[in-house]
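The following report concerns the structure shown below. Please read it alongside the sequence and the model.

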Amino acid sequence: MDGKVFAADVYSVLAAFEVDCPARQHAIKKLLMPGQRGAKSTVQDLDEALVSVSRAIDMVRAGLAGGGTLTGETKAEPEPELETMPEPEPEPEPEPEPKPKPKLVTWRRCVRVTLEEIYCGALWAKWYPSGDIPEHWYPIEAQSEPVETVKQLPEGQQP
């Protein structure tokens with residue numbers, strides 16, 4: 001603290017700063033040299049430090065800030081607790097899929113117009129789906145209500 005170099009181990013540092021909670025002691029030891037003590041990887045040491053800090057928080061909330069246990073005993077270093085995974089929340093039941101609406105096809109009343117039929121005075125009318133009207137057939141556009149010239153029906157149904 002006066003700028004001079006000195007040798008100290010982790011336990012001397014913990015004593016100098018009066019860290020008396022075993023969970024914090026364990027976390028500090030892991031954080032000072034993660035993965036450099038030869039036993040575990042950096043990630044393993046950091047994971048264990050995280051578990052120890054979590055335990056220290058639990059102890060403070062339980063009123064055991066000094067590191068004591070519920071019976072008043074103290075430990076030099078607690079065994080790290082294994083991190084437990086929270087139980088997954090149950091997935092909500094999926095809403096039933098709505099029944100698909102039938103694809104509607106627009107049908108048009110058509111008349112066939114050829115020169116021969118015009119001379120004979122014959123007139124042929126037939127329903128065709130829009131887009132599939134054959135050559136020489138023409139949609140009728142009704143100008144009066146009694147004649148229905150357009151229908152929308154589910155696919156597969158015919159007028």
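## Glu48 and its salt bridges

In this predicted model, Glu48 counts as buried, with a relative accessibility of 17%. Its side chain meets that of Lys40 in a salt bridge, at 2.5 Å from N to O. Lys40 is partly exposed, its relative accessible area being 32%. Glu48 also forms a salt bridge with Lys30, in which the closest N and O atoms are 2.8 Å apart. Because Lys30 belongs to helix 2 and Glu48 to helix 3, this pair ties together parts that lie 18 residues apart in sequence.

Lys30 has a relative accessible area of 5% and is buried. A salt bridge also joins the side chains of Lys30 and Asp45, at 3.2 Å from N to O. Here the pair ties together parts 15 residues apart in sequence, since Asp45 lies in helix 3 and Lys30 in helix 2 (residues 22-32). Asp45 counts as buried at 1% relative accessibility. In the whole structure, the search finds three salt bridges. Through shared partners, Lys30, Lys40, Asp45 and Glu48 are joined into one network.

## Helix 3

Helix 3 spans residues 42-61 and has 20 residues. From its first C-alpha to its last it reaches 29 Å, close to the 28 Å expected at 1.5 Å a residue.

The buried residues of helix 3 are Asp45, Glu48, Ala49, Val51, Ser52, Ala56 and Met59. Seen down the helix axis, they fall within an arc of 165°, and therefore line one face of helix 3. An α-helix has 3.6 residues a turn, so residues three or four places apart point the same way. Val43, Leu50 and Arg61 are exposed on the other side of helix 3.

## Nonpolar surface patch

Val113, Leu115, Ile118, Tyr119 and Tyr138 make a nonpolar surface patch of about 580 Å². Helix 4 (residues 115-120) gives the most to this patch, with three residues. Tyr119 is placed in helix 4 and is exposed, with a relative accessible area of 69%.

## Cysteines and overall composition

How many disulfides are there? The count comes to zero, where the rule requires a pair of cysteine sulfur atoms within 2.5 Å. Cys21 is buried, with a relative accessible area of 1%, and Cys110 counts as buried at 0% relative accessibility.

The protein chain has four helices and four strands, which run α-α-α-β-α-β-β-β from the N terminus on. Of its 159 residues, 21% are buried.

Terms used: Residues are numbered from 1 along each chain as its sequence is written. This is a predicted model: local features need pLDDT of at least 70, side-chain atom pairs count only at pLDDT 80 or more; totals for chains, interfaces and linings use all residues. Side-chain values use heavy atoms; hydrogens and water are left out. Buried means under 20% relative accessible area, exposed over 50%, partly exposed in between (1.4 Å probe, protein chains only). Patches are made of residues with over 30% relative accessible area and no salt bridge: like charges are joined within 9 Å, nonpolar side chains (Val, Leu, Ile, Met, Phe, Trp, Tyr) within 5 Å. Accessible areas come from the Shrake-Rupley method with a 1.4 Å probe; for residues, only the protein chains shown count as cover. A salt bridge is a side-chain nitrogen of Lys or Arg within 4 Å of a carboxyl oxygen of Asp or Glu. Helices (H or I, at least four residues) and strands (E, at least two) are DSSP runs, numbered from the N terminus. The expected span of a helix is 1.5 Å times one less than its number of residues. The arc is that of the directions from the helix axis to the C-beta atoms.
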